[in-house]
Amino acid sequence: MDTLSYKTISANKATVTKEWVIVDATDQVLGRLGAKVAKLLRGKYKPNFTPHVDCGDNVIIINADKVKMTGNKWTDKVYLSYTGYPGGQREMTPARLQAKPNGDDRLLRKVVKGMLPKNKLGAKLLNNMYVYAGSEHKHDAQNPKSIDINLLK
């Protein structure tokens, strides 16, 4: 058996092929959409996935204001944050977060950030996501291709 023919191929910054993809968030469940977007950002759908390299795609999410949540999660789910001061624990529901200025972007970033690695790579990967409330975006020069998020596992 020739073991030299079985080389593990590890991608690096120079050999990675990054693409631009558009995801339409209309009537998508927020958590399931976030999980699939996190896998796209990470590059897990690619055959040359390498855990320590940014080999994922740049993802443009349009119609972020039309996401949905099942059950009563818009009002019952609570996101906690802490200011650092005594008694500084704050709570926010997804409905209140989305009602704020730029709330659709903040809500989707909060969801996807929790599904990415908690290190420098995860912070860098989150910068490859662009969220727009309407159907218009400013990335036409990158020639993004539109994908159906429901076809991904």
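User: Happy to look at this one with you! Which residues have the most contacts inside the largest nonpolar core?

Analyst: Good place to start, and keep in mind that this is a predicted model. The largest nonpolar core holds 28 residues. Elements giving two or more residues to this core are β1, α1, β2, α4, α5 (120–126) and β5. Inside the core, the residues with the most contacts are Leu33, Val37, Val59, Ile61, Val112 and Met129.

User: Which element gives the largest share of this core?

Analyst: Helix α1 spans residues 30–42 and packs on the sheet, where α1 touches β1, β2, β5 and β6. With six residues, the largest share of the core comes from α1.

User: What is the strand order of the open sheet?

Analyst: Let's build it from the pairs. Strands β1 (residues 20–24) and β2 (residues 58–62) pair in the parallel sense over five bridges, and Val23 has Ile61 as its bridge partner in β2. β5 (129–131) and β6 (145–147) each have a single partner strand, so they stand at the edges. The four strands, with parallel pairing, therefore follow the order β5-β2-β1-β6.

User: What angle does the direction of helix α4 make with that of β5?

Analyst: Helix α4 covers residues 103–113 and packs on the sheet, touching β2 and β5. Its direction makes an angle with that of β5 of about 145 degrees.

Note on methods:
Residues numbered from 1 in each chain as written. Predicted model: local features only at pLDDT ≥ 70, side-chain atom pairs only at ≥ 80, totals over all residues. Heavy atoms only, no water. Pairing = 2+ DSSP bridges. Contact = heavy atoms within 4.5 Å. Axes fitted to C-alpha atoms, helices over the stretch in contact; angles between N-to-C directions. Core = buried A, V, L, I, M, F, W, Y, C linked by side-chain atoms within 4.5 Å. Buried < 20%, exposed > 50% of the residue type's maximum accessible area, 1.4 Å probe, protein only.
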